[in-house]
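Subject: Model handover

Hello,

Please read the notes with the model open beside them.

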Amino acid sequence: MSIWWSLHLRREAASVPLARRLLLGTMETAGVDPDVSYDLSVALSEACANAVEHGGDTGYGDPSEAFRVTAYIDGEKCRIEVADSGPGFARVQPVRLAPSGAENGRGLCLIQELADHVHIGNKPGRRGAVVSFDKILKWKKDAPLMAV
């Protein structure tokens with residue numbers, strides 16, 4: 001069984017909990033272990049918050065008002081991608097831990113801690129950042145949509 005969904009969301013703070021609740025509801029309905037669902041929802045929240053905060057003005061006078069979230073549950077893995085139309089990353093570097101007192105800069109590091117595989121980069125040939133991550137799923141006993 002595979003499930004996928006894609007959202008086109010406004011770059012507003014209210015979009016972050018909306019994406020998170022949709023993911024959690026999908027995971028619960030499918031029968032994914034709550035701890036795995038929680039980890040993925042926190043990682044998604046961080047990626048969405050980054051898109052809302054940084055995925056805006058492209059520098060050409062046309063502020064982008066939306067970002068895209070796509071989630072796939074396929075077999076034993078969930079893959080999530082958050083893409084915006086902002087300026088992207090000036091250069092993609094290894095993610096470093098933010099200083100302990102910092103209020104910003106911990107999101108990408110947290111995503112790397114919660115997911116099994118993370119890719120951070122720019123859209124090929126276009127402006128915008130893409131953060132994708134995946135995690136191997138654990139299922140509740142007798143999960144209705146568990147991979148066979």
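**Overall**

Please keep in mind that this is a predicted model. The chain contains three helices and five strands, and the order of its elements from the N terminus is β-α-α-β-β-α-β-β. Of the 148 residues in the chain, 43% are buried. Among contacts in the chain with a separation of 6 or more, 67% are between residues 24 or more positions apart.

**Helix 1 against helix 2**

Helix 1 covers residues 15-30 and helix 2 covers residues 34-54. Their axes come within 9 Å of each other and cross at roughly 155 degrees. Angles over 145 degrees count as roughly antiparallel, so helix 1 is roughly antiparallel to helix 2. The crossing of helix 1 past helix 2 is right-handed.

On the helix 1 side, the contact is made by Val-16, Ala-19, Arg-20, Leu-23, Leu-24 and Met-27. Helix 2 contributes Ser-37, Tyr-38, Leu-40, Ser-41, Val-42, Leu-44, Ser-45, Cys-48, Ala-49 and Val-52. Sorted by class, this contact of helix 1 with helix 2 has twelve nonpolar residues, three polar and one charged.

**Helix 2 against helix 3**

Helix 3 is made of residues 107-114. Helix 2 and helix 3 pack with their axes 9 Å apart, at an angle of about 155 degrees. That angle makes helix 2 roughly antiparallel to helix 3. Here the crossing is left-handed.

From helix 2, the residues in this contact are Asp-39, Val-42, Ala-43, Glu-46, Ala-47 and Asn-50. From helix 3 they are Gly-107, Leu-108, Leu-110, Ile-111 and Leu-114. By class, the contact of helix 2 with helix 3 has seven nonpolar, two polar and two charged residues. Val-42 of helix 2 is listed in the contact with helix 1 and also in the contact with helix 3.

Within helix 3, the buried residues are Gly-107, Leu-108, Cys-109, Ile-111 and Leu-114. What covers them includes helix 2, strand 4 (117-122) and strand 5 (129-136).

**Cysteines**

There are zero disulfides in the structure. Cys-78 has 0% relative accessibility and therefore counts as buried. Cys-109 is at 14% relative accessibility, so Cys-109 counts as buried as well. As noted above, Cys-48 is part of the contact between helix 1 and helix 2.

**Single residues**

*Ala-51.* This residue is found in helix 2. With a relative accessible area of 2%, Ala-51 is buried. Apart from its neighbours within four places in sequence, Ala-51 is in contact with Arg-11, Phe-67, Val-82 and Asp-84. Arg-11 is 40 residues from Ala-51 along the chain, and the C-alpha atoms of the two are separated by 7.2 Å.

*Lys-135.* Which residues does Lys-135 touch, not counting those up to four places away in sequence? They are Val-36, Asp-39, Leu-40, Glu-76, Lys-77, Cys-78, Leu-114 and Asp-116. Lys-135 itself lies in strand 5. The cut-off for buried is under 20% relative accessible area, so Lys-135, at 12% relative accessibility, counts as buried. Among the residues touched by Lys-135, Asp-39 takes part in the contact of helix 2 with helix 3, and Leu-40 in the contact of helix 1 with helix 2. Leu-114, also touched by Lys-135, is one of the buried residues of helix 3.

*Leu-18.* This leucine lies in helix 1. At 43% relative accessibility, Leu-18 counts as partly exposed. Leu-18 and Leu-7 are eleven residues apart in sequence, with a C-alpha to C-alpha separation of 10.0 Å.

*Glu-65.* This residue lies in the loop between helix 2 and strand 2 (66-74). Leaving out residues up to four places away in sequence, Glu-65 touches Leu-9, Arg-10 and Arg-11. Between Glu-65 and Asp-84, 19 residues apart along the chain, the C-alpha separation is 9.2 Å.

Regards

Conventions:
Residues are numbered from 1 along each chain as its sequence is written. This is a predicted model: local features need pLDDT of at least 70, side-chain atom pairs count only at pLDDT 80 or more; totals for chains, interfaces and linings use all residues. Side-chain values use heavy atoms; hydrogens and water are left out. Axes are lines fitted to C-alpha atoms, for helices over the stretch in contact, and angles run from 0 to 180 degrees between N-to-C directions. Helices (H or I, at least four residues) and strands (E, at least two) are DSSP runs, numbered from the N terminus. Angles under 35 degrees count as roughly parallel, over 145 as roughly antiparallel, 65 to 115 as roughly perpendicular and the rest as oblique. A crossing is left-handed if the near helix is turned anticlockwise from the far one by less than a right angle, and right-handed if clockwise. Contact means heavy atoms within 4.5 Å. Ala, Val, Leu, Ile, Met, Phe, Trp, Tyr, Cys and Pro count as nonpolar, Asp, Glu, Lys and Arg as charged, and the others, Gly among them, as polar. A disulfide is a pair of cysteine sulfur atoms within 2.5 Å. Buried means under 20% relative accessible area, exposed over 50%, partly exposed in between (1.4 Å probe, protein chains only).
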